[in-house]
Amino acid sequence: QVQLVESGGGSVQAGGSLRLSCAASGRTFDSYAVGWFRQNPRKEREFLAAISGKGKITHWSDSVKGRFTISRDNAKNTVYLQMNSLKPDDTAVYYCAAELSEVLVNPGSWGQGTQVTVSS
């Protein structure tokens with residue numbers, strides 16, 4: 001299992017941007033598919049995006065397609081979520097998760113989360 005730590009959250013006005021980072025421990029990071037999820041108290045946990053170990057395959061939720069971009073730098077053991085055109089509904093705790101697989105199906109490693117707050 002890899003250990004994951006998210007960073008980059010904060011407060012931003014509607015229309016603004018943030019870039020979240022998910023830093024992982026371990027030497028085989030490029031064997032892990034990684035995804036981003038979010039949760040706020042009023043909703044269930046929501047899948048946002050995922051990327052394969054080598055970064056060649058990505059999957060998106062329709063709710064963020066076109067606004068959010070997932071990428072990874074395996075040399076830095078880090079996955080990013082670039083979030084543009086943020087809306088108040090994007091307010092949530094954002095988590096990254098990883099699975100030793102080409103495709104993210106049932107991740108076993110989760111970070112502690114980072115808060116994103118978007119004001120109108």
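Figure 1. I70 has L81 as its bridge partner in β8. Strands are DSSP runs of type E of at least two residues, helices are runs of H or I of at least four residues, and both are numbered from the N terminus. The model is predicted: local features need pLDDT of at least 70, side-chain atom pairs count only at pLDDT 80 or more, and totals for chains, interfaces and linings use all residues. Residues are numbered from 1 along each chain as its sequence is written, and side-chain values use heavy atoms, with hydrogens and water left out. β7 and β8 (residues 78–83) run antiparallel and are joined by six bridges. Two strands are taken as paired if DSSP finds at least two bridges between them.

**Figure 2. The four-stranded open sheet.** The sheet has the strand order β1-β3-β8-β7, with antiparallel pairing. β1 (4–7) and β7 (68–73) each have a single partner strand and stand at the edges, so one side of each is left without a neighbour in the sheet. From one strand to the next, the twist averages 15°; axes are lines fitted to C-alpha atoms, for helices over the stretch in contact, and angles run from 0 to 180 degrees between N-to-C directions.

Figure 3. S21 is part of strand β3. Its relative accessibility is 16%, so S21 counts as buried; buried means under 20% relative accessible area, exposed over 50%, and partly exposed in between (1.4 Å probe, protein chains only). With neighbours within four places in sequence left aside, S21 is in contact with V5, E6, S7, W36, T78, V79 and Y80. Contact here means heavy atoms within 4.5 Å.

**Figure 4. The disulfide of C22 and C96.** The structure holds one disulfide, defined as a pair of cysteine sulfur atoms within 2.5 Å. The sulfur atoms of C22 and C96 are 2.1 Å apart. The link is right-handed, with 70° about the S-S bond. It connects distant parts of the chain: C22 lies in β3 (residues 18–24) and C96 in β9 (residues 92–99), 74 residues apart. C22 and C96 are both buried.

Figure 5. In β11 (residues 114–119), T114, V116 and V118 make up the covered face, whereas Q115, T117 and S119 make up the uncovered one. In a regular strand, side chains alternate between the two faces of the sheet. β2 (residues 10–13) pairs with β11 in the parallel sense over four bridges, and G10 stands opposite V116 of β11. β9 and β11 run antiparallel and are joined by three bridges. Y94 has T114 as its bridge partner in β11.

Figure 6. Most residues other than glycine have a negative phi. N77, in the loop between β7 and β8, has a positive phi near 55°. At 16% relative accessibility, N77 counts as buried. S85 lies in the loop between β8 and β9 and has a positive phi of about 50°, although S85 is not a glycine. The relative accessibility of S85 is 41%, so S85 counts as partly exposed.

**Figure 7. G55 and its distance to I70.** G55 is in the loop between β5 (46–51) and β6 (58–60). With a relative accessibility of 30%, G55 counts as partly exposed. G55 and I70 are 15 residues apart along the chain, and their C-alpha atoms are separated by 9.2 Å.

**Figure 8. The whole chain, for orientation.** The chain has 11 strands and zero helices. Its C-alpha atoms fill a box of roughly 40 × 25 × 25 Å, taken along the principal axes. Of the 120 residues in the chain, 44% are buried. Among the contacts in the chain with a separation of 6 or more, 55% are between residues 24 or more positions apart. The accessible surface of the chain comes to about 6300 Å², and 46% of that surface belongs to carbon and sulfur atoms. Accessible areas come from the Shrake-Rupley method with a 1.4 Å probe; for residues, only the protein chains shown count as cover.
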